[in-house]
Amino acid sequence: MDLSNMSSADLRNLQEQVKRELKQREGQDLAKAREQILAIAQSVGLPVKDLVSGAVTARGGKKTGSVAPRYRNPADATQQWTGRGRQPKWVKEWVDAGKDIAGLKV
């Protein structure tokens with residue numbers, strides 16, 4: 001197809017046809033992908049609701065929610081710590097001052 005010999009109106013018409021065709025094919029591709037994903041899930045015995053909700057991690061374990069904070073800064077209640085990972089600066093300062101971390105428990 002030689003586009004250089006087409007009029008502007010013909011090119012616009014062709015552009016609209018291409019847009020419609022792409023939209024239709026994207027819908028078909030999406031439907032085909034869904035079917036394939038569902039078939040894979042069924043073949044491994046994975047419930048579709050878990051697949052859709054993301055309730056199962058890649059390692060097969062259940063996802064857990066966020067961890068509730070166990071410690072709170074008495075000087076600033078917005079500063080909280082779950083007790084996991086590195087100690088925040090305010091916790092380290094508390095402990096370095098010779099105070100027991102139990103005094104920060106929520």
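Figure 1. Of the 106 residues in the protein, 8% count as buried. The model shown is predicted. The accessible surface amounts to about 8,900 Å², and carbon and sulfur atoms contribute 53% of that area.

**Figure 2. Order of helices and strands.** The protein contains 3 helices and 2 strands. Read from the N terminus, the elements follow the order α-α-β-β-α. Among contacts in the protein with a separation of 6 or more, 18% are between residues 24 or more positions apart.

**Figure 3. The largest nonpolar core.** This core consists of 5 residues in all. Its members are Tyr 71, Trp 81, Trp 90, Val 91 and Leu 104.

**Figure 4. Surroundings of Val 91.** Val 91 belongs to the largest nonpolar core. With neighbours within four places in sequence left aside, Val 91 is in contact with Trp 81, Ile 101 and Leu 104.

**Figure 5. A nonpolar patch on the surface.** Met 1, Leu 3 and Leu 11 form this patch. Together the three side chains' residues have about 330 Å² of accessible area.

**Figure 6. Met 1 in the segment before α1.** Met 1 lies in the segment that precedes α1 (8-43). Its relative accessibility is 79%, so Met 1 counts as exposed, the cut-off for exposed being over 50%. Met 1 is also one of the residues of the nonpolar surface patch, with Leu 3 and Leu 11.

Methods
Residues are numbered from 1 along each chain as its sequence is written. This is a predicted model: local features need pLDDT of at least 70, side-chain atom pairs count only at pLDDT 80 or more; totals for chains, interfaces and linings use all residues. Side-chain values use heavy atoms; hydrogens and water are left out. Helices (H or I, at least four residues) and strands (E, at least two) are DSSP runs, numbered from the N terminus. Buried means under 20% relative accessible area, exposed over 50%, partly exposed in between (1.4 Å probe, protein chains only). Contact means heavy atoms within 4.5 Å. Accessible areas come from the Shrake-Rupley method with a 1.4 Å probe; for residues, only the protein chains shown count as cover. A nonpolar core is a set of buried Ala, Val, Leu, Ile, Met, Phe, Trp, Tyr and Cys residues joined through side-chain atoms within 4.5 Å. Patches are made of residues with over 30% relative accessible area and no salt bridge: like charges are joined within 9 Å, nonpolar side chains (Val, Leu, Ile, Met, Phe, Trp, Tyr) within 5 Å. A salt bridge is a side-chain nitrogen of Lys or Arg within 4 Å of a carboxyl oxygen of Asp or Glu.
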